[in-house]
Amino acid sequence: MGRASKGRTTAALAPTIILVRPQLGENIGMAARAMLNCGLSSLRLVRPRDGWPNPKAERAASGADIVLDKAKVFDSVGEAVADLERVVATTARNRELSQRILTPRRAAAEMRGWIGRGEKVGILFGPERTGLTNDDMVQADTALSIPLNPQFSSLNIAQAVLLVAYEWAAADEDAPAERMSEHSTRPATKDELLNLFAHLERALDQSGFLRNKAMRPSMVHNLRAFLQRGAMTEQEVRSFHGVIKYLSKHKHSEE
C-alpha cells in the first residue's frame with residue numbers, strides 16, 4: 001500500500017511524474033526542479049533507495065518545495081499507477097516488448113488529448129543506473145524514447161524529466177510561439193511606419209541617393225519592404241526618425 005506524504009492527489013490537468021527506484025536524493029531534487037520549471041507538480045516515488053524524505057533532495061530542488069512536499073511514496077510500480085488510466089514509460093533501448101514508442105513531442109500531444117478527456121496520466125522514469133525493467137514497462141500502455149546520439153544516449157534522470165516535461169509545456173496551444181520582450185514598447189502602427197518611410201525618402205532625395213529616376217521606385221520599394229519585415233516598435237520608429245534627422249543635419253552642416 002502506498003505511503004503518501006502530505007499533499008493532495010494528482011493535479012487533474014497535468015501528468016504525474018513517477019520516479020521508479022531512484023538512487024540519489026540529488027536527482028530527485030533536480031527532477032522536482034525541472035518539473036516545476038515546466039508547470040508540473042505531481043510527483044510519485046517508488047521505493048527510493050535512500051528513503052523519504054531526503055535532505056539532499058530538498059537542497060537540490062532549489063526552491064521547488066511544493067513538488068517535494070506533495071510527493072507520494074509507493075512500494076511498487078503497480079501501486080503507483082493503480083489510479084491512472086494512461087501510463088507512458090520512458091526507455092532508452094530497444095526491447096523485445098511490443099509497444100508503441102513515441103517521441104517526447106508526440107507523447108506530449110497525445111497526453112494533452114488524454115487529459116483533455118479527463119483521463120489521469122503518469123510518466124514512468126527508471127533508476128539512474130539501469131532504467132526501467134520489462135516488469136516495469138508492462139505497467140504502461142505506451143513507451144517514450146528520446147531521440148539522442150545513438151553512440152551516447154545516456155541521460156541523467158533529471159535531464160530526462162526536463163526534456164519530457166518541456167515538451168509537455170511546449171505542447172500548450174495557448175503558449176505563444178513568439179513574443180516581444182517585456183521591456184519592448186508596443187508595435188508601430190502602419191501610419192507611424194508610413195511617416196518614417198516618407199521621412200527617410202525625403203532625406204535620401206536630399207542626399208542624392210535616389211537620383212536615378214529609373215531605379216528610384218524599386219529602391220524605395222526594397223527599403224520599405226526591409227523596414228516592414230523588421231516589425232519595428234513605436235520606440236524604434238522614433239529612434240530611427242532621430243537618426244535620419246541627425247544625419248541630415250550633419251550633412252548640411254558639412255556643406
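Figure 1. Pro-53 is located in the loop that runs between β3 (43-46) and α2; helices (H or I, at least four residues) and strands (E, at least two) are DSSP runs, numbered from the N terminus. This is a predicted model, in which local features need pLDDT of at least 70 and side-chain atom pairs count only at pLDDT 80 or more, while totals for chains, interfaces and linings use all residues. Residues are numbered from 1 along each chain as its sequence is written, and side-chain values use heavy atoms, with hydrogens and water left out. The peptide bond joining Trp-52 and Pro-53 is cis, with omega about 0 degrees. Arg-47 also lies in the loop between β3 and α2. Although Arg-47 is not a glycine, its phi is positive, at about 45 degrees. Most residues other than glycine have a negative phi, and most peptide bonds are trans. Arg-47 counts as partly exposed because its relative accessibility is 47% (buried means under 20% relative accessible area, exposed over 50%, partly exposed in between, with a 1.4 Å probe and protein chains only).

Figure 2. Helix α2 comprises residues 55-60 and includes Ala-60. The relative accessible area of Ala-60 is 17%, and Ala-60 is therefore buried. Leaving aside residues up to four places away in sequence, Ala-60 touches Glu-26, Gly-29, Met-30 and Arg-33; contact means heavy atoms within 4.5 Å. Gly-25 is 35 residues from Ala-60 in sequence, and the two are 8.0 Å apart in space, C-alpha to C-alpha. Ser-62 lies in the loop between α2 and α3 (65-70). Ser-62 has a positive phi of about 50 degrees, although it is not a glycine.

**Figure 3. The packing of helix α1 on helix α7.** Helix α1 (residues 25-37) packs with α7 at an angle of about 15 degrees, and their axes are 8 Å apart. Axes are lines fitted to C-alpha atoms, for helices over the stretch in contact, and angles run from 0 to 180 degrees between N-to-C directions. At about 15 degrees, α1 is therefore roughly parallel to α7 (angles under 35 degrees count as roughly parallel, over 145 as roughly antiparallel, 65 to 115 as roughly perpendicular and the rest as oblique). The crossing of α1 with α7 is right-handed; a crossing is left-handed if the near helix is turned anticlockwise from the far one by less than a right angle, and right-handed if clockwise. From α1, Asn-27, Met-30, Ala-31, Ala-34 and Met-35 meet Ile-157, Ala-158, Val-161, Leu-162 and Ala-165 of α7. The residues of this contact of α1 with α7 comprise 9 nonpolar, 1 polar and no charged. Ala, Val, Leu, Ile, Met, Phe, Trp, Tyr, Cys and Pro count as nonpolar, Asp, Glu, Lys and Arg as charged, and the others, Gly among them, as polar.

**Figure 4. The packing of helix α5 on helix α7.** Helix α5 (residues 104-116) and helix α7 (residues 157-170) pack with their axes 8 Å apart, at an angle of about 55 degrees. That angle makes α5 oblique to α7. The crossing of α5 with α7 is right-handed. Pro-104, Arg-105, Ala-108, Met-111, Arg-112 and Ile-115 of α5 meet Glu-167, Trp-168 and Ala-169 of α7. In the contact of α5 with α7, 6 residues are nonpolar, none is polar and 3 are charged.

Figure 5. The axes of α8 and helix α9 (residues 216-229) come within 11 Å and cross at roughly 140 degrees. That crossing makes α8 oblique to α9, and the crossing is right-handed. The α8 residues in the contact are Lys-190, Leu-193, Leu-194, Phe-197, Leu-200, Glu-201, Leu-204 and Asp-205, and those of α9 are Arg-216, Val-220, Leu-223, Arg-224, Leu-227 and Gln-228. By class, the contact of α8 with α9 has 8 nonpolar, 1 polar and 5 charged residues. Glu-201 has its place in helix α8 (residues 190-207). With a relative accessibility of 14%, Glu-201 counts as buried. Not counting residues up to four places away in sequence, Glu-201 touches Leu-210, Arg-216, Val-220 and Arg-224.
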